[in-house]
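Dear colleague,

Please find it directly below.

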Amino acid sequence: MNSPPKPHESDKPQSISTALVMSALGVVFGDIATSPLYALQAAFDSHGVAATRDNVLGLLSLVFWALIIVVSCKYVAFIMRANNNGEGGIMSLTALTRDVCADKIPRRLLMVALGLGLIGAALFFGDAVITPAVSVLSAVEGLQLAAPALKAWVLPISVVILLGLFFVQRFGSAHVGKVFGPVMGLWLLVIAVLGVYRLIDRPDVLMAIDPMYALHYFGQNGFRGFETLGAVILVLTGAEALYADMGHFGAGSIRVAWFAWALPCLLLSYFGQGAFLLGSPAAAVMPFYRMVPHVLLYPMIVLAAMATVIASQAVIAGAFSMARQAMLLGYLPRMSVEHTSHHVEGQVYLPGINLMLLILVMAAVLIFRSSDALASAYGIAVSGTMLATTVLALLYARFGWHWRYVALIPLGLVLITIDSAFFGANILKIRSGGWFPLLLGAMMYLLMSTWYRGRRILISHLSRDGLELKSFVTSIMAHPPHRIEGTAVFLTARSTGVPVALLHNLKHNQVLHRTNIVLTLEFANVPFVRTRDRIHQVELGEGFHQVNLRFGFAEDTHVPEALSGMEIDGVAVNPEQFTYFASRENIVASRMRGISLWRAHLFALMARNALPATTHFGLPDNRMVEIGMRVDV
């Protein structure tokens, strides 16, 4: 594991630079920037509407206002303000909401809100599986138009590209962004130029900016028009990644890249496709590639393949950030985390999550085998996460920013109505592929909720049978054991109780070190903890010290480095000379109150496969003692 970066010393946002904006363009906007490849095609396919003039203008009006209201207003202007000391994503927002609402709303309502946040996070992982599959397939499928004989090669080429994408994740977002940024900038510029090229022939398509065309579209198409919202949502895929990746590049850089480059280029591309469809309604199948001049088709396919790799990178980086936050907030077991940048704390790589995503993405490609089939599965995860994010952001605006209801209620009605409409339209696609992201989301929710519940029961069990630390220290004075030189650190989840490892060490070895540190790690609902707030130390006498180490959910829990700022009796300590003791619970599933037997078995399996404390907490292997114990859950 790489050495951890230094913790934040201030809450100042990252400065905006051209390099950071370009990197953000390369990593954050890949998903939303490649939606023109398949979004309008999905609306006009055999299950959609006919490519008549009114329908083209109506759908373009929906696309335009979706990008303005949902992405520009809701995410970029509103939700990205709800950053947790610079960190974004639905897990970060859930932590913020839990803090500000804890004593202001009924507990049951708070649990519902937090459960909604957990569901949104689980669905985001489903999005991280489908995005790479549908994006790469949609780009490579352009070969069918250029050379129909190559149709059989679409799937193998897509698989090779995806394997390469997951292989380069270990190099980190910073290195990947430096390469992808210029490519994504070129992609957006090219699709904008193509859009302008088609707009010259039919400038009347710009009338679709009038929202009345969207209303007329619903009136003309009825329920079928509502169903096509499941295709319109495809232009918004990647909006959540803007928020989730905020810790990688900063809100300022993302806003500049969106308004100055990504948004104008996307609008020109969509309106260009619309202009082309007004003149050639038969091009509704693969309208993006059909509007490309034939001489440029092969170069465009290559550029599109590169851009869709970037699209996948956006949600993969977001999934890494979210998994790490979930782990430190207690929703996932310990996993290996590698820092890929010594300058930006949010840039991390999780090998376990990377492997899991690779396996599931390959499964999605081999099950659905085409972007059309995957497009039906796409929207549920996106719209579900968007709805959960909106609810949590509104709660935070009320109790965190203290917005008045006169402003909050109208905003909430607009945003929730839009998100609910998108979600409802996508629910209709369950049988045609929507079951896949729902299954992935349900599995992820089961894992996170089981781990959270199991840990609470485990800690409660250990606390119930434990001794109070202060009483134990007093009893030591009455019957002092043999003391040996050195400092022992005993890790425990309960700061006021006697660590199990301490009791077993005293029972079997019948000795105590001269200095004993009872260490508890606390994880705050903020991404970074200031150095001066890191250590809380209480001297208990008889050589015992009670120490609490606080970490943010976006920090690396490197215990020896954190303890290097500690003093005992006015003398600085050397944590590399400590002996570390920890208990390793052998969890055995049993019928106990609070968790079903099958979930207890699942929790025990997750616990057995969790990363050892020596690795997760940066403890030296040659100075670490683990004492096993059986615990029934």
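This is a predicted model: local features need pLDDT of at least 70, side-chain atom pairs count only at pLDDT 80 or more; totals for chains, interfaces and linings use all residues.

Residues are numbered from 1 along each chain as its sequence is written, and side-chain values use heavy atoms, leaving out hydrogens and water.

The largest nonpolar core comprises 175 residues; such a core is a set of buried Ala, Val, Leu, Ile, Met, Phe, Trp, Tyr and Cys residues joined through side-chain atoms within 4.5 Å, where buried means under 20% relative accessible area with a 1.4 Å probe, protein chains only. Among the residues with the most contacts inside this core are Phe29 and Trp258. Helix H16 (residues 297-328) gives the largest share, 19 residues; helices are DSSP runs of H or I, at least four residues, numbered from the N terminus. A second, separate core has 21 residues, including Val489 and Leu549.

Phenylalanine 271 lies in helix H14 (residues 251-279) and counts as buried because its relative accessibility is 5%. Beyond its neighbours within four places in sequence, phenylalanine 271 is in contact with residues including Leu60, Phe64 and Leu199 (contact: heavy atoms within 4.5 Å).

Helices H5 (residues 90-101) and H18 (residues 371-399) pack at about 35 degrees, their axes 9 Å apart; axes are lines fitted to C-alpha atoms over the stretch in contact, and angles run from 0 to 180 degrees between N-to-C directions.

Technical notes
Helices (H or I, at least four residues) and strands (E, at least two) are DSSP runs, numbered from the N terminus. Buried means under 20% relative accessible area, exposed over 50%, partly exposed in between (1.4 Å probe, protein chains only).
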